Amino acid sequence: MTIDQVQQTLCRSRASIYRYLNTNNETINPPFDPQRLNPEHRKSRREPLLFHPNEVARFARDLMGITTLLYRWN
C-alpha cells in the first residue's frame, strides 16, 4: 500500500500518518518498532514508502484502537 492508501484506509491526515512512521534519516531500513508504522524494506531512499496491509491493520488495531478498517482500492 502507498502512503495515500494508508491515509484513506485509516481515515487520517497525511501529517498524522507521517508522525507515526518508523523512518530514520541515517538508515534506509530501521529495525522493527512495535510502537510505529513500519514500511516495507527498500533498496534505496529513492524508492517510495510501501506498507504491507497486515502491518497497517496491526498498527490500526494495536496503536490507534481502530477495530474495523475500510479498504478503498482505486
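## The largest pocket

How much space lies in the largest pocket? The answer is about 170 Å³, a volume being the space filled by probe spheres set on grid points joined across faces, edges and corners. Of the 15 residues lining this pocket, Pro30, Asn38, Pro39, Glu40 and His41 are the closest to its centre. A pocket here is an open set of points on a 1 Å grid over the protein atoms alone, where a 1.4 Å probe fits, with protein on both sides within 12 Å along at least five of seven lines, and lining residues have an atom within 4 Å of a point.

## Basis of the model

This is a predicted model, in which local features need pLDDT of at least 70 and side-chain atom pairs count only at pLDDT 80 or more, while totals for chains, interfaces and linings use all residues. Residues are numbered from 1 along each chain as its sequence is written, and side-chain values use heavy atoms, with hydrogens and water left out.

## Fold

The protein chain has 3 helices and 0 strands, helices being DSSP runs of H or I with at least four residues and strands runs of E with at least two. Taken along the principal axes, the C-alpha atoms fill a box of roughly 35 × 25 × 20 Å.

## Arg58

Arg58 belongs to helix 3 (residues 53–62) and is buried, with a relative accessible area of 14%, where buried means under 20% with a 1.4 Å probe, protein chains only. The side chain of Arg58 reaches the backbone oxygen of Arg36 at 2.8 Å.

Terms used:
Buried < 20%, exposed > 50% of the residue type's maximum accessible area, 1.4 Å probe, protein only. Polar contact = N/O pair within 3.5 Å; in protein donor to acceptor, adjacent residues only side chain to side chain.
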